[in-house]
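Look over the model shown below.

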Amino acid sequence: MEYLIKAFSLLFGSDPELRQIIGVTLQMSFFSTTISSLFGIPLGILIGSSDFRGKKWVQRINNTLMGLPPVVAGLIVLLILSRSGPLGKLKLLYTVTAMVVAQVLLITPIITGLTATIVSIRAPQIRETAAGMGISPFKRMLYTAYDCRVQFVSTILAGFGRAIAEVGAVQIVGGNVQFKTRVMTTAIMLQTNMGHFEFAIALGLVLLIISFIINALVQKLSDGQAENA
């Protein structure tokens, strides 16, 4: 109970480190989810609505990447962005940008796979309608995206949930640098190891509150779109 009281005092106080950690977490999660959605949703629509040679292999590869361990994704990005790596000259290692890159590597296959599953259910009906109306394949994909727009919200939300809860990859490429790349999950792990349980609980509460608010807003948006559909 004592830890909980201290956690609430930190939560509603003016701790500069806590504000910075929350800001970096939201920035990283927003950009990584947005970029992953821009790549993953079109790929998912293409995979789910089309029949092409090697489709099963593409799906198997994507399903494998959906379970990519975060530490492996972090290691890959670390090797690419390290001083001796191909992009070492950009000096992106231990920055928020590096964390976003690692997150995109993790989240894009998830959004792609979920999108492909959603689209594959509606694809036969849409394909039949498009054939009867003489719609081009590109316009058929646009219509598919519009028709499944409500369901896509859940895929984006799933990607955001993965981004905001990630530890391993962002720890490796971000370095958990104070006032620079420290996010809520890595801070919780650090503060717990140091025995600062009140700070860790405060961060955990913030994480839960943010997740609840975003879920509530997204649900309200989805309900509104479903009523207008």
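Beyond its neighbours within four places in sequence, Val173 is in contact (heavy atoms within 4.5 Å) with Gly74, Val77, Leu78, Leu93, Tyr94, Thr95, Ala98, Met99 and Ala102. Val173 lies in helix H8, residues 168-174; helices here are DSSP runs of H or I with at least four residues, strands are runs of E with at least two, and both are numbered from the N terminus. Val77, one of these partners, is 96 residues from Val173 in sequence, while their C-alpha atoms are 7.0 Å apart. Val173 has a relative accessible area of 0% and is therefore buried, where buried means under 20% relative accessible area, exposed over 50% and partly exposed in between, with a 1.4 Å probe and protein chains only.

The model is predicted: local features need pLDDT of at least 70, side-chain atom pairs count only at pLDDT 80 or more, and totals for chains, interfaces and linings use all residues. Residues are numbered from 1 along each chain as its sequence is written, and side-chain values use heavy atoms, with hydrogens and water left out.

For the protein chain as a whole, the secondary structure comes to 10 helices and zero strands. Of its 229 residues, 39% are buried. Among contacts with a separation of 6 or more, 78% join residues 24 or more positions apart.

How do helices H2 and H6 pack? Helix H2 (residues 16-49) and helix H6 (residues 137-147) pack at an angle of about 110°, with their axes 10 Å apart. The axes are lines fitted to C-alpha atoms over the stretch in contact, and angles run from 0 to 180 degrees between N-to-C directions. H2 and H6 are therefore roughly perpendicular, a label for 65 to 115 degrees; under 35 counts as roughly parallel, over 145 as roughly antiparallel and the rest as oblique. Pro42, Ile45, Leu46 and Ser49 in H2 meet Arg140, Met141, Thr144 and Ala145 in H6. The residues of this contact divide into five nonpolar, two polar and one charged; Ala, Val, Leu, Ile, Met, Phe, Trp, Tyr, Cys and Pro count as nonpolar, Asp, Glu, Lys and Arg as charged, and the others, Gly among them, as polar.

The structure holds one aromatic pair. The rings of Phe30 and Phe31 have centres 5.5 Å apart and planes at 75°, so the pair is edge-to-face. Rings of Phe, Tyr and Trp (its six-membered ring) pair if their centres lie within 6.5 Å, with planes under 30 degrees apart counted as stacked, over 60 as edge-to-face and the rest as tilted. Phe30 is exposed at 51% relative accessible area, and Phe31 is partly exposed at 41%.
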